[in-house]
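The following paragraphs lead the reader through one structure, step by step. Please keep the sequence and the model in view while reading.

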Amino acid sequence: MLFCKAAAGLLALATSASALQALPIPQAQLKRQTQLQRQSRLTAAATYQEYNLTVPIDHFHNDTKYEPHSNGTFNLRYWFDAQFYKPGGPVFVLSAGETNGENRFPFMEKGIIYEIAKATGGIGVILEHRYYGTSIPVPSFSTENLRFLTTEQALEDTAYFAKNVVFEGFEDVDWSPDVTPWIVYGGSYAGAFVAFLRVVYPDIFFAAISSSGVPQAIWDYWEYFDGARLFGPEVCSETTGKLTHIVDTILLNETLSEYVGPLKDVYGLGYVSSDTDFAAALRGGIYDLQSYNWDPEISGDSFFEYCDLVSNNTNQFPELEEKRSAVEELITVAGYGDEVDPLADRMLNYIGSLGYALRRCGGTADECFGFGDREFYAQDDTSETWRLWPYQVCTEWGYLQTGSGAPDDVLPMISRLVDLEYSSQICRETFGMTGVANVSNINKYGGFDIAYDRLMFLDGEWDPWRAAGVQAVTQEPRESTPRQPVVLIDDAVHHWDENGVFPNETRPGIPPQAVVDAKAAIEEFVLEMLKEWEPARK
């Protein structure tokens with residue numbers, strides 16, 4: 001069934017909301033995520049025909065961490081499009097990752113699934129991840145019931161799917177991986193996921209493409225902001241670092257305690273009692289680089305709008321002019337007296353840029369900026385989808401975004417008060433977990449060093465998640481080879497090769513040449529590897 005146009009806008013929002021996230025996440029934002037998921041589920045019901053395969057809940061009965069074990073099964077949801085299928089063509093599976101699989105429909109309509117299925121005469125598939133969407137194996141999302149939400153269980157689901165699925169209308173085709181080539185693709189978390197599939201199950205998955213994959217699990221992921229710090233407009237990152245340093249200097253220096261109240265007041269947050277909640281609330285648009293995309297239909301441009309404001313040496317918010325003297329005093333006491341001009345105007349613009357974000361929350365101070373409502377974290381029915389990715393973060397993946405982790409010689413983009421203790425509060429409040437995530441559960445697959453024949457990696461040069469991938473700036477550059485290609489997409493952010501446009505939507509710069517080249521590289525890789533299918537099978 002064709003993609004439902006009426007759902008496109010909401011699906012774009014839902015896709016953005018479900019993008020790979022790290023902690024901390026304010027309570028109000030968690031509530032909005034649940035609402036978006038409910039809306040998308042209602043709106044996107046009539047798109048592609050959905051199917052289900054019965055899959056074991058527990059694949060690892062010898063592992064004590066899954067006790068009590070389960071002999072039960074659940075329905076793993078999937079969709080497929082066979083419009084380009086020709087006998088002998090491959091199965092091209094997009095791993096849906098940490099979201100409702102319906103949010104990936106655009107990639108089947110006109111994105112990477114459509115493109116590769118058309119190029120190869122293959123069948124395109126979206127496979128939902130256990131616990132997400134309707135692929136729910138448990139009656140509630142209690143902490144005990146979430147014990148089966150691990151990457152290794154989900155990997156085994158995918159292998160089980162490849163060995164057992166029969167696509168409706170093609171019952172006479174042998175889809176088993178020893179007869180039909182299976183190629184997997186994923187972006188972000190799913191990008192790491194499909195790389196793991198190729199390493200763990202090389203006899204099942206013939207090739208894999210990891211787009212913006214994050215194979216290195218990291219507990220303190222302060223490097224998230226390096227995308228903006230290193231590749232954003234220089235004045236923007238420099239100003240953000242200085243304004244953040246002004247905040248930290250006042251909050252962390254007892255001799256300046258008399259200025260804490262005035263500091264909160266100039267930001268309009270005098271009612272926020274916690275200094276750390278206040279500092280964490282000053283997120284600004286520096287967080288928003290990840291939402292930037294080459295396709296204006298799904299792109300969020302708030303990062304560059306923010307940068308334009310904080311780089312401007314003239315106050316753009318006349319209503320804030322009355323705060324100028326207070327701002328100048330705060331800048332001076334924090335040690336930047338020599339830079340009052342232009343920092344005063346930039347700080348006023350920074351305050352103004354925060355206004356909308358702070359106003360749109362619509363909740364109490366604790367809901368918007370903190371973790372105050374303990375009852376909220378106790379909610380665990382299956383509509384509380386916000387619990388899922390944080391559980392994976394707290395148990396296996398990490399990715400706590402901190403300011404405290406930045407080296408002393410680096411001005412962090414967010415406050416140093418946002419530390420591991422603060423960022424992991426959701427782990428304690430929601431799941432009763434006080435320790436560090438067991439990142440070895442993930443890094444055992446290879447981490448930064450993961451590599452395998454017929455495994456391709458693509459990354460965006462500016463991507464905030466690049467620091468957790470094989471092309472992190474801290475790693476030695478990899479040699480790209482035909483069998484293990486590595487592509488760095490210039491001026492790109494998060495899995496830019498995944499979405500696409502219809503032929504009549506193309507125009508100069510849409511898609512940009514770097515994305516066109518990346519897509520061509522994927523197609524070339526797949527076609528070349530398929531030439532090896534028969535010899536490899538023999």
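**A guided reading of the model**

At a relative accessibility of 10%, Arg-454 counts as buried. The model in which this residue is seen is a predicted one. Arg-454 is found in the loop between H19 and S9, and it has a positive phi of about 60° although it is not a glycine. Most residues other than glycine have a negative phi, and most peptide bonds are trans.

Another residue with a backbone of this kind is Asp-491, whose phi is positive at about 55° although it is not a glycine. Asp-491 lies in the loop between S10 and H20. With a relative accessible area of 42%, Asp-491 is partly exposed.

Two peptide bonds also deserve attention. The bond that joins Glu-67 and Pro-68 is cis, with omega about -5°. Pro-68 belongs to the loop between strand S1 (50-56) and strand S2 (73-81). The bond from Asp-341 to Pro-342 is cis as well, with omega near 25°, and Pro-342 lies in helix H13.

Helix H13 comprises residues 340-359, and Val-340 has its place there. Is Val-340 buried or exposed? Its relative accessibility is 18%, so Val-340 counts as buried. Val-340 and Glu-328 are 12 residues apart in sequence, and their C-alpha atoms are 6.1 Å apart in space.

The discussion now turns to helix H12, which covers residues 324-336. This helix has 13 residues, but its end C-alpha atoms are only 15 Å apart, short of the 18 Å that a straight helix would reach at 1.5 Å a residue. Which residues of H12 are buried? They are Arg-324, Val-327, Leu-330, Ile-331, Ala-334 and Tyr-336. These residues cover an arc of only 125° around the axis, which puts them on the same side of H12. An α-helix has 3.6 residues a turn, so residues three or four places apart point the same way.

How helices are placed against one another is the next topic. The axes of helix H4 (residues 112-120) and helix H20 (residues 513-530) come within 10 Å and cross at roughly 40°. H4 and H20 are therefore oblique to each other, and H4 passes H20 in a right-handed crossing. In another pair, helix H6 (residues 189-200) and helix H16 (residues 388-397), the axes come within 14 Å and cross at roughly 50°. That angle makes H6 oblique to H16. The crossing of H6 and H16 is left-handed.

Charged side chains complete the picture. Side chains of opposite charge can pair when their charged atoms come close. How many salt bridges does the model contain? The count comes to 20 salt bridges. One of them joins Asp-275 and Lys-264, with 2.8 Å from N to O. This pair links distant parts of the chain, 11 residues apart: Asp-275 is in helix H10 (residues 275-281) and Lys-264 in helix H9 (residues 260-266). Asp-275 is partly exposed, at a relative accessible area of 27%, whereas Lys-264 is buried, at 7%.

A further salt bridge is formed by Asp-453 and Arg-483, the closest N and O atoms being 2.5 Å apart. Here too distant parts of the chain are linked, 30 residues apart: Asp-453 is in the loop between helix H19 (440-443) and strand S9 (455-460), and Arg-483 is in the loop between S9 and strand S10 (486-489). Asp-453 is partly exposed, with a relative accessible area of 27%, and Arg-483 is partly exposed, with 28%.

The side chains of Lys-531 and Glu-528 also meet in a salt bridge, at 2.8 Å from N to O. Lys-531 is exposed, with a relative accessible area of 59%, while Glu-528 is partly exposed, with 36%. Finally, Glu-50, Arg-77, Glu-102 and Glu-128 are linked in a network of salt bridges.

Conventions: Residues are numbered from 1 along each chain as its sequence is written. This is a predicted model: local features need pLDDT of at least 70, side-chain atom pairs count only at pLDDT 80 or more; totals for chains, interfaces and linings use all residues. Side-chain values use heavy atoms; hydrogens and water are left out. A salt bridge is a side-chain nitrogen of Lys or Arg within 4 Å of a carboxyl oxygen of Asp or Glu. Helices (H or I, at least four residues) and strands (E, at least two) are DSSP runs, numbered from the N terminus. Buried means under 20% relative accessible area, exposed over 50%, partly exposed in between (1.4 Å probe, protein chains only). The expected span of a helix is 1.5 Å times one less than its number of residues. The arc is that of the directions from the helix axis to the C-beta atoms. Axes are lines fitted to C-alpha atoms, for helices over the stretch in contact, and angles run from 0 to 180 degrees between N-to-C directions. Angles under 35 degrees count as roughly parallel, over 145 as roughly antiparallel, 65 to 115 as roughly perpendicular and the rest as oblique. A crossing is left-handed if the near helix is turned anticlockwise from the far one by less than a right angle, and right-handed if clockwise.
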